[in-house]
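Let's take a look around this protein together. Have the sequence and the 3D view handy as you read.

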Amino acid sequence: RAEIKMEYKQLRVSNLKLSDAGLYTCKYGPQKVQTSLHVFELTISSDGHFLQNEVPELILMQNSPNPLPNLSITLFNSNNNRVTPEIENETRQKYIVNLKKLEATDSGTWVCQVHSDSPLINQNIPFALKVLGFQNPDSERKYATVDSTVILSWHLNFQKIKWKEGFIGQLNWKQQGSSNTHELLDFNITAQGELHETKNGGDFLFEIPERKPESTIEVKLPKVHFNHSGQYQCQLAYQGRHAQSKIELVVMKVSANPAGPLSRGANMTLTCQVSGLLPPNAYLSWERVNGTKVDIKNSKQHEVKLEVNISAAGLWSCHLIEDNDRKISLHYHVEEAPVWINYVIIGASVGGSVLVFALACLCIISGISWQRRRQQAKRMAQARQYLLENKTCQCQQ
């Protein structure tokens with residue numbers, strides 16, 4: 001591993017090891033010069049390949065023919081921002097450095113800066129970190145209305161870094177309030193960045209969009225049902241380690257009781273409901289605009305169902321508001337019943353009232369007649385009893 005360049009009086013040592021540290025003497029005739037070689041060795045756990053949220057461990061070793069100095073270590077990330085690590089100083093020969101949990105944006109070339117005042121050392125040691133993970137937030141919430149179309153997307157960074165091996169993953173769905181997990185999708189990404197997908201949804205209706213940007217896993221729900229709500233979790237697996245990102249899908253629906261047109265003088269209850277729990281800063285709101293008058297009713301905190309009683313037709317809108325921002329809206333048009341239906345209803349009501357009155361009168365008359373017949377029969381029975389008690393026998397002479 002060493003070569004001598006006589007014309008420059010140089011000794012070149014390649015692939016340095018810790019054992020190469022020491023005093024090197026150059027003799028040329030009566031002249032003699034000594035040089036002290038101080039060697040550092042930086043090793044990274046998992047060979048520098050990580051999934052997001054993993055914690056790397058860096059080990060810095062030093063060797064010198066002189067007494068080993070006490071080092072100060074500073075790290076700079078791929079954006080040249082200073083990072084404060086946790087340093088375990090077991091001995092002056094070995095330093096263990098623990099970083100924080102990595103994010104997908106931490107991929108790149110980092111710098112380990114080593115400093116000592118005595119002897120004076122200022123050494124920058126570059127090293128590479130490759131962090132495979134999702135560019136989505138750790139926990140994302142998406143809202144949809146019944147019968148709408150929604151696309152769930154997970155953005156990966158495997159195209160931005162040269163990953164030494166492929167990895168596998170899957171997309172799972174867990175319905176709101178259920179502990180059972182259903183596997184919807186399997187995928188395998190090679191080191192060349194090729195994506196292979198296998199659909200495993202069973203009876204679950206979803207599509208995989210054909211055109212999508214690189215490094216994206218997409219699932220399309222063409223017609224959202226209320227029971228499609230729940231947690232959709234995309235998981236990566238690499239050498240027994242896992243990283244995941246989930247999207248919480250919340251579905252809204254509205255209904256009316258009774259359904260159908262609203263007749264004059266009648267009442268109707270409109271119900272707006274969401275499938276999952278809402279965050280503290282979110283609420284439901286019914287709104288109706290009638291000319292310049294606005295009717296608004298808001299839900300209380302943590303309420304997932306909001307009802308409003310109405311007596312007039314018109315357009316009502318239910319909004320899901322989070323941080324004063326309308327996430328989704330669902331409209332319900334309450335139609336007014338035609339005039340002839342109102343007359344039919346009024347006629348039926350009047351006719352029904354007359355019929356009820358007639359039946360009541362008939363019942364009263366029948367009751368009176370039955371009472372009279374009962375009293376008459378009672379009197380006749382009393383007369384027969386009287387005759388029997390006072391009966392006499394007359395004999396002929």
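## A greasy patch on the outside

Let's start at the surface: three residues, Ile4, Met6 and Leu11, make up a nonpolar patch there, and their accessible area together is about 350 Å². Keep in mind that you're looking at a predicted model.

Ile4 sits in strand β1, which covers residues 2-5. Is Ile4 buried or exposed? Its relative accessibility is 59%, and exposed means over 50%, so Ile4 counts as exposed.

## The whole chain

Now zoom out. Of its 397 residues, 35% are buried.

What about contacts along the chain? Take those with a separation of 6 or more: 56% of them link residues 24 or more positions apart.

## Inside the cores

The largest nonpolar core contains 30 residues, and Trp154, Phe167, Leu221 and Tyr232 have the most contacts inside it. Several strands give two or more residues to this core, among them β15 (150-155), β16 (167-175) and β20 (230-238). There's also a second, separate core with 23 residues, including Val308, Trp316, Leu320 and Leu330.

Key: Residues numbered from 1 in each chain as written. Predicted model: local features only at pLDDT ≥ 70, side-chain atom pairs only at ≥ 80, totals over all residues. Heavy atoms only, no water. Buried < 20%, exposed > 50% of the residue type's maximum accessible area, 1.4 Å probe, protein only. Contact = heavy atoms within 4.5 Å. Core = buried A, V, L, I, M, F, W, Y, C linked by side-chain atoms within 4.5 Å. Helix = DSSP H or I, 4+ residues; strand = E, 2+ residues; numbered from the N terminus. Patch = residues over 30% accessible without salt bridge, like charges linked within 9 Å, V, L, I, M, F, W, Y side chains within 5 Å. Areas by Shrake-Rupley, 256 points an atom, 1.4 Å probe, with all protein chains shown as cover. Salt bridge = Lys/Arg side-chain N within 4 Å of Asp/Glu carboxyl O.
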